[in-house]
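The structure is shown first, and the points follow by topic.

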Amino acid sequence: QVHLVESGGGLVQAGDSLRLSCAASERASGSYIMAWFRQAPGTDREFLATVDWSGDMTHYSDSVEGRFTISRDNANKLTIYLQMTNLIPEDTAVYYCATDFRGSSGRRPQSGDFYAWGQGTQVTVST
């Protein structure tokens, strides 16, 4: 079982930037895709972005494309990042990374497609 640990969350002001990190203990036996999701209180877990093993192929949800950037560490492929810019209060949520993707290609990834999750890191954006 792959273990994931997120870090980098915190309390920031609107307009600030923040970078989250996610370190995996090993490469997943399934797809090598890694992803970021977030979940605000009372809402479903929301897909944000995926990155492939090479780091060259990325995919974003419409809600964050242009503001958030997912990347993979070239020196340590087991670590990915989520660079978040121009944060707004609506970005307040617990942010999770995920891997061991077993879903179908050609559609937006869903939380149920991933079988390994981190514990999450809280991001709070104040006005």
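Which residues line the largest cavity? In this predicted model, the lining consists of A24, E26, R27, A28, Y32, M34, W53, R72, L78 and T99.

**Cavity**
- The model has 1 cavity of 30 Å³ or more.
- The largest cavity holds about 40 Å³ of space.
- Its lining is made up of 6 nonpolar, 1 polar and 3 charged residues.
- The lining includes E26, R27 and R72, and these count as charged because Asp, Glu, Lys and Arg are placed in that class.

**Largest pocket**
- The volume of the largest pocket is about 210 Å³.
- The pocket is lined by 13 residues, of which I33, T50, M57, H59 and P109 lie closest to its centre.
- Two strands, β5 and β6 (58-60), each contribute at least two residues to the lining of the largest pocket.
- The lining of the largest pocket divides into 5 nonpolar, 6 polar and 2 charged residues.

**Nonpolar core**
- The largest nonpolar core comprises 27 residues, and W36, L82, M84 and Y95 have the most contacts inside it.
- Two or more residues of this core come from each of β3 (18-24), β4 (34-39), β5 (46-51), β7 (68-72), β8 (79-84), β9 (93-101) and β11 (121-126).
- The largest share is that of β3, which gives 4 residues.

**Aromatic pairs**
- There are 7 aromatic pairs in the structure.
- One of them joins F114 and W117, with ring centres 6.3 Å apart; the planes meet at 70°, so the pair is edge-to-face.
- F114 is buried because its relative accessibility is 4%, under the 20% cut-off.
- W117 has a relative accessibility of 25% and therefore counts as partly exposed.
- Both residues belong to a cluster linked by ring pairs, together with F37, F47, Y96 and F101.

**Charges over rings**
- The charged end of R45 is placed over the ring of Y96, at 3.8 Å from the ring centre.
- Y96 is also one of the residues in the ring cluster.
- R19 lies over the face of Y81, and the distance to the ring centre is 4.1 Å.

Definitions and conventions:
Residues numbered from 1 in each chain as written. Predicted model: local features only at pLDDT ≥ 70, side-chain atom pairs only at ≥ 80, totals over all residues. Heavy atoms only, no water. 1 Å grid on protein atoms, 1.4 Å probe; cavity = no way out; pocket = protein on both sides within 12 Å on 5 of 7 lines; lining within 4 Å. Points joined across faces, edges and corners; volume = space filled by probe spheres on them. Phe/Tyr/Trp six-rings, centres within 6.5 Å; stacked < 30°, edge-to-face > 60°. Buried < 20%, exposed > 50% of the residue type's maximum accessible area, 1.4 Å probe, protein only. Lys NZ or Arg CZ within 6 Å of the ring centre and 35° of its normal. Core = buried A, V, L, I, M, F, W, Y, C linked by side-chain atoms within 4.5 Å.
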